[in-house]
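Please work through each task before reading its solution.

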Amino acid sequence: ASQVMAVLIAPVSIWLIFYSDQLLFLWTQDATLASSASVALMLIVAGTMLNALVTMPYALQLARGWTTLALWQNLLAVLFVIPATFFLAKLYGLPGAALPWFLLNLSYVLISVPIMYRYFLFSAKKRWYLQCVIFPIVVSTILVVVIDALLSMGGIDKLTVAVIAVNLFASMGIVFYLLIW
């Protein structure tokens with residue numbers, strides 16, 4: 001289930017991160033707004049991707065009846081995210097407001113999941129990180145960069161929906177094939 005989640009989430013997320021400025025421009029038709037909001041969009045998408053990737057380990061710990069970790073991580077999240085969002089938004093604007101969401105979900109991947117795997121399925125931890133986190137993100141990133149470079153060399157305008165759509169679906173298809181193969 002984690003691999004399926006990773007295959008569905010990583011390519012779309014990397015695509016959104018890579019094309020955040022162009023997509024915001026297509027949506028708003030305002031270059032200034034797109035460039036000022038693109039970093040925040042990147043952080044929100046990256047944080048949401050990480051959150052989706054930890055869904056299955058989180059569901060496992062709840063299914064096993066271990067709610068203590070979830071309680072503490074959510075309590076600490078509230079204590080961290082609210083003041084950090086306020087403070088960082090004042091200092092860095094919109095990207096600062098998005099940063100705590102990314103950091104929170106990064107901490108779930110780097111801290112909460114290893115704690116969970118220490119108690120349940122210890123032998124699956126390395127495999128989960130490699131197959132459900134690192135591999136989909138790295139392969140998706142490489143594919144988006146390579147496909148974008150190839151399409152750019154052909155003189156195709158980066159703002160066209162065709163380039164973006166081809167890149168997205170090719171990334172999703174190849175990552176899915178590689179994980180299933």
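**Exercise 1: a nonpolar patch**

Leu130, Ile134, Val138, Ile142, Val146, Leu150 and Met153 make a nonpolar surface patch of about 660 Å². The model is predicted: local features need pLDDT of at least 70, side-chain atom pairs count only at pLDDT 80 or more, and totals for chains, interfaces and linings use all residues. Residues are numbered from 1 along each chain as its sequence is written, and side-chain values use heavy atoms, with hydrogens and water left out.

Solution. 

**Exercise 2: aromatic pairs**

Task: State how many aromatic pairs the whole structure holds, and describe the pair of tryptophan 66 and phenylalanine 120.

Solution. 
1. The search finds five aromatic pairs (ring centres of Phe, Tyr and Trp, the last by its six-membered ring, within 6.5 Å; planes under 30 degrees apart are stacked, over 60 edge-to-face, the rest tilted).
2. Tryptophan 66 and phenylalanine 120 pair edge-to-face, at 5.7 Å centre to centre and 75° between the planes.
3. Tryptophan 66 lies in the loop between α4 (55-63) and α5 (68-92), and phenylalanine 120 in the loop between α6 (94-119) and α7, so the pair ties together parts 54 residues apart in sequence.
4. Both tryptophan 66 and phenylalanine 120 are buried.
5. Ring pairs link Trp66, Tyr119 and Phe120 into a cluster.

Key
Patch = residues over 30% accessible without salt bridge, like charges linked within 9 Å, V, L, I, M, F, W, Y side chains within 5 Å. Areas by Shrake-Rupley, 256 points an atom, 1.4 Å probe, with all protein chains shown as cover. Salt bridge = Lys/Arg side-chain N within 4 Å of Asp/Glu carboxyl O. Helix = DSSP H or I, 4+ residues; strand = E, 2+ residues; numbered from the N terminus. Buried < 20%, exposed > 50% of the residue type's maximum accessible area, 1.4 Å probe, protein only.
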